[in-house]
Structures are given as C-alpha cells and as structure tokens.
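Keep the sequence and the 3D view open while you go through the points.

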Amino acid sequence: MLRVIFADLRKSGRLDLEAVEMATRTAMHQAGAAVLKELLQKSRSEVAREVACPCGQQARFHEMRPKQILTVLGRIYMQRAYYVCGHCHDGQSPLDWELDIEGTECSPGVRRMMALVGSDGPFEHGRRQIEELAGLDVTSKTIERHAETIGEDIARQEEAEVQRAIQLDLPEVNVADIPVMYVEMDGTGVPVVASETEGRMGKIEGQSARTREAKLGCVFTQTATDDQGRPVRDEDSTTYTGAIETAELFGRRLYAEAHHRGWNRAKRKVVIGDGAIWIWNIADEHFPTAIQIVDLYHARQHLWELSAKLFSSDPQQRLRWVKQLQQKLDAGKIESLVKTLHAFPPSSDELAKLLATESEYFARNAERMRYPKFRADHLFIGSGVIEAGCKTVIGSRLKKSGMFWTVRGANAIIALRCNRLSDKFQDYWESRRAA
Ligand SMILES: [Zn+2]
C-alpha cells in the first residue's frame, strides 16, 4: 500500500494525504496487533498446573487452546491454557476471564465501541461507522448482539441496586445538601414485534396493541433561579432510568435512582408528571414527602381537548370558554374550575360522560395544581425535562419507522441509552475492570 503511494508521489509530485493517513493507520494497526499478541503471550509464559475451580476443588491444566479476538487494532490469534476440573468436569480458561473476553470474540475496547454505536443508532448504521472510524469489519448482527449484552449487563447491575434499595440496604449517599430535587416520570409507546403484544388490547377497541409502554423517569436538581425568579435546572444534573415494565417494578427502579442521587439529602423534593394514575401511585408509595405537581401544560391540554368536543361548531365561543377556564387553572382555583364543568349543560350522554371524567380529573388532582404557590416557591410546574427525555432517550432510537423491537432487546437498548445519557458509561467500564 505504502509502496503504491510513494510510486504515485514520484509520478505526480503530490501527496494524497487522505490515502496516506488511512494507509498509515492500517499499517499501525497491523504493527499494534502484533505487539498486542506478543504481550498477551508473554504475560502468560508460565502456565500454572492447577487453578481453583468454582466448585471448590482444583482444576488441572488440560491443554493450550487457540482463541481469536477482534481488538481495536484488528484480529489477533492467541493460545491460552485450558483447565478441567476432575471433580465437577467443568472446563475454564482463566485468562479469558482476566482479559474480560469470556464467551466473546471481541475485546472490551471493541465491545465498548459497538455498545456506543448500537445505542446511538440503527445497528447497520453502526457497522458503517465502525468500519469508517475505527477501520474494523464487524457485522451489524455482531453490534446488535454485543450492544444488547452490555445493555442487559447494565440492567442487571441496576436491578441489584434496586434490590438493595428496597431492602433499605443502600449506603447513605455522600453528597452536599441539595436545595431542590425533582423526580419526573412519563410513559411512551415503543413499537414491538407482534409476539410481544399477543393478548393485549390496543388503544383502539378490538385491535391489538402494536406498541408497549416504556416508562421513563428522570432525576435532576435545582439550585438557582433566573433574574425573574424562575427555576433553573442544574447543568448536567439529569439522570435517566427506564424500561418496559410494570408500574410496580418501575417505581422501585426510580426510587433507587433518586436514592442514589441523594434524595434523602434534598431539602425540597418534587414529583412532576401528567395526570396518569400510576405516576401518583408511585409518588405516594416511594416519594411520600415530595410536593406533587401535575404538569400545567397537560392540564391545559385537557381543557383544549374538552372544549373541542363541547363547542365543535363554535370556535369563537370555544376560545372564550377555554380562556376563562385556563385562567382558573393557572390561578390554581381548581374547585371553581370543577364547578364550572359541573354546571355545563351537556347536549348528549356522551358529552355528559366526558364532562364527568374531566371534572373528576381536575378534582382528583386539585392539590397538584396550586400553580401560584408552586411559582411563588420558584418550582418547575412543567414536566418538560421528562418529555424531552422520552424523545431523546427512547423516541430518537427506538421509534424510527420500520423498527419493531422485542421487549428484551428494547429494554437492553433503553438501559444502555439511559446509562450513556446519564453520563455513567465510563463508570460502567470501570466497574467491569474492578469485577
Ligand atoms: Zn470443579
């Protein structure tokens, strides 16, 4: 390759930098792979005759076995000792465990790259990025498999944290006092393969659901307000956690995350969500001392949607009516708002039912809609952070057209994305090294 370049240089008198740099990198990779191979062999020049077997007995050296690994420098072949236990007959290669390449043909460095591209975009897109940026040939299936394996591993670690949290076994978090800590949660549909929705009813009656709800939660802090007294979110303070799972499991997950962030050290605690009942059940169970706030914009949306039904033929009157009720809502005068809804003369049974449902929604959430008080306390009154999170964490990766997920695959990628967007990816790799 280099010879071709130099021949070209002599002929044309010009250097094609792009060709030279790429060819040089390839050559460097080849040289590096040779060094790496050498290092791996040298590090094990002495082969132990026996190693401990997990069963408690000793495993004896059996033979040297070859293994091929794809590293960031390219493919290398190595020999490593293989041991068999005479007691339980299990075999093992301790070096694989030491190098963190057990059961895989990709080095940790390559797996990290694959997790990164696989969490960012479609696996085929990731394959092209790795080819172009790292000069490595992997299949999109390999990226999918490894990204999911790492996502599942992250999810497993989190699950262990959750277990410790619910057994009140988590250490007190060592953080400075936090003026205000927020927990927000929301749900968003993830398109899934048909087998994941069998027997489940969709939103349209008689039609099976094509999506499963992923629940996403975030935790962030607020210290300052702007010059107009509005709350300002602490920069880089947002962490996410989520999965397609029941509200019960999700509640525990979110509690563990908030605890990890120092929930107990927060002077003021706030939970913000839309009106969904599961959200407030979780707030009551896991965050009982928090101020509960219904997202103002969701509440307004309820009024707009109701008005569209009540005044379908009179947009002018609709506008007047909504304005009037929105004033009550913004003023936190929910009892008065509910009274107005009750007094409205419905023109059909259907509208009467709708009015009753909406009255109930506002009455049930009245204490969560005291917006003037929340504003006076310089608190956020919208759930914009989690709504944006639903788009960036879930939507932009899992809801692209033509994508259909298994719950297992979706949860692995959600775990991976939450980890990365919470800036915990480096911690994860360090925890692997320490294991
Ligand atoms: Zn054994």
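## Briefing: loops, a sheet and a zinc site

His378 sits in the loop that links α13 (371-376) and α14 (384-398). Please bear in mind that this is a predicted model. The points below start with that loop residue, then turn to the sheet, the zinc ion and a glutamate in another loop.

- The phi angle of His378 is near 60°, a positive value in a residue that is not glycine.
- You will find Asp100 in the loop between α3 (94-98) and α4 (108-120).
- As background, most residues other than glycine have a negative phi.

**The four-stranded sheet**

- An open sheet is built from 4 strands in the order β1-β2-β3-β4, with antiparallel pairing.
- At its edges are β1 (50-52) and β4 (91-92), each of which pairs on one side only.
- In general, strands of a sheet pair through backbone hydrogen bonds.
- β1 and β2 are antiparallel and share 3 bridges; Val51 has Ala59 of β2 as its bridge partner.
- The hairpin of β1 and β2 has 5 residues between the strands, and Gly56 there has a positive phi near 110°.
- Strand β2 (residues 58-71) and strand β3 (residues 74-85) run antiparallel and are joined by 12 bridges.
- Along that pairing, Ala59 stands opposite Cys85 in β3, while Ile69 has Ile76 of β3 as its bridge partner.
- The hairpin of β2 and β3 has 2 residues between its strands.
- Helix α2 (residues 17-42) lies across β2 and β3, and runs at about 15° to β3.

**The zinc site**

- Which residues coordinate the zinc ion? The donors are the SG atoms of Cys53, Cys55, Cys85 and Cys88, at 2.3 Å.
- The spacing of these donor residues in sequence is C-x1-C-x29-C-x2-C.
- Cys53 belongs to the loop between β1 and β2 and Cys85 to strand β3, so this pair ties together parts 32 residues apart in sequence.
- Why is the arrangement around the zinc ion tetrahedral? The 4 donor atoms subtend angles of 103 to 117°, and the tetrahedral label requires all angles to lie between 85 and 135 degrees.
- For reference, the ideal angle for four tetrahedral donors is 109.5 degrees.
- Are the two cysteines of that pair buried or exposed? Cys53 counts as buried because its relative accessibility is 7%, and Cys85 is buried with a relative accessible area of 0%; the cut-off for buried is under 20%.

- Glu245 lies in the loop between β8 (239-243) and α7 (247-260).
- With a relative accessible area of 17%, Glu245 is buried, since buried means under 20%.
- Setting aside neighbours within four places in sequence, Glu245 is in contact with Glu213, Lys215, Phe250 and Arg253.
- A polar atom of the Glu245 side chain lies 3.5 Å from the backbone nitrogen of Phe250.

Methods
Residues are numbered from 1 along each chain as its sequence is written. This is a predicted model: local features need pLDDT of at least 70, side-chain atom pairs count only at pLDDT 80 or more; totals for chains, interfaces and linings use all residues. Side-chain values use heavy atoms; hydrogens and water are left out. Buried means under 20% relative accessible area, exposed over 50%, partly exposed in between (1.4 Å probe, protein chains only). A polar contact is a pair of N or O atoms within 3.5 Å; within protein, one must be able to donate a hydrogen and the other to accept it, and residues adjacent in sequence count only if both atoms are side-chain atoms. Contact means heavy atoms within 4.5 Å. Two strands pair if DSSP finds at least two bridges between them. Axes are lines fitted to C-alpha atoms, for helices over the stretch in contact, and angles run from 0 to 180 degrees between N-to-C directions. Donors are N, O and S atoms within 2.8 Å of the metal (3.2 Å for Na, K and Ca); water is not among the atoms, so sites may look incomplete. Four donors count as tetrahedral if all angles lie between 85 and 135 degrees; four count as square planar and six as octahedral if opposite donors are over 155 degrees apart and all others between 65 and 115; anything else is irregular.
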